[in-house]
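Subject: Model handover

Hello,

Here is the structure for you to look over. My notes come after it.

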Amino acid sequence: VMAVYDEQPVEGKDEPARSIAFYTSPNLKDWTLQSRLEGFYECPELFEIAVDGDPDNTRWVAYGASGEYAVGQFDGREFTVTDGRHRFNFGNCFYASQTFNDIPEEDGRRIQIAWGTLSTPGMPFNQLMMFPVELTLHSTAEGLRLFANPVREIEAIRARSHCFVDRDLREQNPLEEVSGDLFDIELVIDPGDAREIGLLIRGVPVAYDCAKSELHCRGVAGKLERQDGAITLRALVDRTTIELFGNGGALYMPIGVIPPDNQHGLAVYSIGGSARIHSLVVH
């Protein structure tokens, strides 16, 4: 069975109908079209994944280059949508992701790498690959949704760690002595009565609008609701990206940005009121 990007002309329209087409073959030479899943553009992906980690309850996920996805059933010939279509990422540099096949059964993860499509003027390469993330499918109040989190192998490359717990946040920055270029930051914070809270990462603001429950960075935004009064935020800081993960991977925001060469510090802040840090870990 093969899933392939397909375009079909539409009478009276300049733009073709775009879809993921499903073909079958007995010999990898002769192919028969079985069905199409309309509305997806380029670089199709198709895989089966457990719901809430239960191997006896699975769904199929199909998506195109932008990462928008549908959840459903697949019988080898036709994809039947049961939940979708949904936006997977809320960043500014995500495209053409693919996942690995043939991960050992005892591992069982579905690991994805995307293409980071940011402008890198003067660089001798065509942008970058995003950090590998593990995809999981979870039941939520809105239905089944894909979550993304950095693969656990990142723990092997951590150099130094700084940990802060139970801190009131108004003026003092607990990270004023921390500096570097590459970070893995994990923050659990109660916004309290603040109007805005956030991180300042090498001069780049990552801001949470408390009234709108939105996370903002470099002109894009994603919804991030409080859970038990707090939000959880993780940031992977690389040379040309800041990848943001909210509430355990429910929100995924890969941000293309080249931090200023003369900025190496970090800050966590609140504006318009006092917030409380439950935990803050910087690797």
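Below is what was found, taken topic by topic.

This is a predicted model: local features need pLDDT of at least 70, side-chain atom pairs count only at pLDDT 80 or more, and totals for chains, interfaces and linings use all residues. Residues are numbered from 1 along each chain as its sequence is written, and side-chain values use heavy atoms, with hydrogens and water left out.

The sheet β1-β2-β3

Three strands make an open sheet, ordered β1-β2-β3, with antiparallel pairing. Strands here are DSSP runs of E, at least two residues, numbered from the N terminus. Two strands pair if DSSP finds at least two bridges between them. β1 (2-8) and β3 (32-38) are the edge strands; each has a single partner, so one side of each lacks a neighbour in the sheet. From one strand to the next the twist averages 35 degrees (axes are lines fitted to C-alpha atoms; angles run from 0 to 180 degrees between N-to-C directions). β2 (residues 17-24) pairs with β3 over six bridges, in the antiparallel sense. Ala-21 has Arg-36 in β3 as its bridge partner.

Asp-6

Asp-6 sits in strand β1. Is Asp-6 buried or exposed? Asp-6 counts as buried, at 9% relative accessibility. The cut-offs: buried is under 20% relative accessible area, exposed is over 50%, and partly exposed is in between, with a 1.4 Å probe and protein chains only. Its side chain makes a polar contact with the side chain of Gln-8, at 3.3 Å. A polar contact is a pair of N or O atoms within 3.5 Å; within protein, one must be able to donate a hydrogen and the other to accept it, and residues adjacent in sequence count only if both atoms are side-chain atoms. Setting aside residues up to four places away in sequence, Asp-6 touches Ala-17, Arg-18, Ser-19, Ala-21, Tyr-23 and Arg-36. Contact means heavy atoms within 4.5 Å.

Aromatic pairs

The structure holds 10 aromatic pairs. Rings of Phe, Tyr and Trp (its six-membered ring) pair if their centres lie within 6.5 Å; planes under 30 degrees apart are stacked, over 60 edge-to-face, the rest tilted. Tyr-5 and Tyr-41 are edge-to-face, 5.3 Å centre to centre, with 90 degrees between the planes. Tyr-5 is in β1 and Tyr-41 in the loop between β3 and β4 (45-51), so the pair ties together parts 36 residues apart in sequence. Tyr-5 is partly exposed at 23%. Tyr-41 is partly exposed at 35%.

Tyr-69 and Phe-88 also pair: ring centres 6.5 Å apart and planes at 80 degrees, so edge-to-face. Tyr-69 is buried at 1%, and Phe-88 is buried at 6%. Tyr-69, Phe-88, Phe-94, Phe-245 and Tyr-252 form one aromatic cluster.

Cores

The largest nonpolar core has 36 residues; Ile-185, Ile-201, Leu-244 and Leu-280 have the most contacts inside it. Another core, of 24 residues, lies apart from it, including Val-51 and Leu-144. A nonpolar core is a set of buried Ala, Val, Leu, Ile, Met, Phe, Trp, Tyr and Cys residues joined through side-chain atoms within 4.5 Å.

Ala-194

Ala-194 lies in the loop between β14 (183-190) and β15 (196-201). Ala-194 is buried, at 6%. The C-alpha atoms of Ala-194 and Cys-210 are 7.1 Å apart, and the two are 16 residues apart along the chain.

Best wishes

Terms used:
Helices (H or I, at least four residues) and strands (E, at least two) are DSSP runs, numbered from the N terminus.
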